[in-house]
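This report examines a protein structure for a reader who is new to the subject. The sequence and the structure are shown first.

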Amino acid sequence: MTKITFIQPDGTSQTVEAENGLTVMEAAKLNDIPGIEAECGGACACATCHVYVDEAWRDKTGKPSEMEEDMLDFAFDVREGSRLSCQIKITDALDGLVVRVPAKQF
Amino acid sequence: MDVTSLTAAGTSVTSGAIETDAVIIGAGPCGLFAVFELGLLDIKAHVIDILDRPGGQCAELYPEKPIYDVPAIPVVTGQELTDRLMEQIKPFGAEFHFSERVETLTRTQDGRFHLTTDAGTEFVAKVVVVAAGGGSFTPKRPPLNGIENYEGKSVFYSVRRIEQMRGRDIVIVGGGDSALDWTLNLQPVARSLTLVHRRDEFRAAPHSVEKMRKLVADGDIRLLIGQVTTLEGADGQLTAVEVKTADGTERIICDAMLPFFGLTMKLGPVAEWGLNLHENLIHVDTERFETSEKGIFAIGDINWYPGKLKLILSGFHEAALMAQAAHKIVYPDKKLLFQYTTSSSSLQKKLGVK
């Protein structure tokens, strides 16, 4: 199991354990993390599972694909480290991953 | 409007209305398959959809994504599934009304249904099938403080008449086809036009991007890489927007903004038709998939019943049972003989294979 920490805009955080092979979005939904909507169910077809990957983890999570970049155009307040959490696959290498949930998904 | 008022209202029908057996609201996979199931029972249908093409979510959200749980088809993309359904329902000659949204649904004095769309098309039908999925696709509203106060007056998600934009200082936000098309179309009439996009790469068709780059190079429009953070104005009239860029913040004087952030699904007018709802879904029975209103059916993702699963295959099943019940309303005096397409020569004739 891999540990992932979600930090809310108000600073509160939740650490969950997730199975490798799932996506960070799925881990969030399974654990009822607020602020991750995933309207399209993980098809990289909306931008409502937007997260900011903590700086220390950006090398490990990598950069968004071209398709994901296109979808990020539909997200609000995109920053360095913005990713769609449905496109981050959980592996051992991500044990301890920290992501921030944006103030708004839309 | 409650159910009784819908029944008692007794709308009178104007002469320009299209008369048909069934109106299907939504051209997603379930709406399309409803054409098939109704067609086998000699029920003619008109199909209305807010998108400009068939397929619903399959076409809009995941045309290229694989679907693995359609029985007997190990893998199919959203677009392929749509294309195949269109081919399958061809023999029934359903008429499609795209880019229209059904606004009103009322019962007529003779017990049929009267529907109107936002384009002014009117229908009178014996049965109505709501196959509207997650609701109608509507433009996403950027979560900017107070944006709703400007909508319709100085913030627009679509432009009905180009003339209404003449002489304005326009800001267009986005990097897809809508943003680029409107940039190119409005540049000639605008007093000034600024295209704001979060990155210097565009999803839009390459030739539109090329044209836009040329306008920028010629000094006819401005391209600003950044994100809108604040709206300024009063009484619905925008006066400026603030844009966060790589170098800081920039304020752009403008009196119109067009944000293009894609589409989201909203239940929309369905909520006003007096049907019993369950958490924004239409409550139906599992024998006929009929709503609280006799003659109005709901199938696919938009309905709810105990055990409901939002699967395409469930919607197909619902369409088949709905059609049996619709037959009783459309042909009250005809006995319905259950038949298989494999062996029934009359069904095969309808399918055009005999």
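## Contact between the chains

Two residues are in contact if their C-beta atoms, placed from the backbone, lie within 7 Å. The model is predicted: local features need pLDDT of at least 70, side-chain atom pairs count only at pLDDT 80 or more, and totals for chains, interfaces and linings use all residues. Residues are numbered from 1 along each chain as its sequence is written, while chains are lettered from A and ligands numbered from 1 in the order in which they are written.

Chain B contributes 15 residues to the contact and chain A contributes 11 residues. On the side of chain B that touches chain A, 5 residues are nonpolar, 5 polar and 5 charged (Ala, Val, Leu, Ile, Met, Phe, Trp, Tyr, Cys and Pro count as nonpolar, Asp, Glu, Lys and Arg as charged, and the others, Gly among them, as polar).

## The sheet in chain A

Strands are DSSP runs (E, at least two residues), and helices are runs of H or I of at least four, numbered from the N terminus. Two strands pair if DSSP finds at least two bridges between them. In chain A, 5 strands form an open sheet with mixed pairing, in the order β2-β1-β5-β3-β4. Its edge strands, β2 (13-18) and β4 (82-84) of chain A, each pair on one side only.

Strand β3 (residues 50-53) of chain A pairs with strand β5 (residues 97-100) of chain A in the antiparallel sense, over 2 bridges. Tyr52(A) stands opposite Arg100(A) in β5(A).

## Contacts of Val128(B)

Leaving aside neighbours within four places in sequence, Val128(B) is in contact with several residues, including Val23(B), Phe113(B) and Ile296(B).
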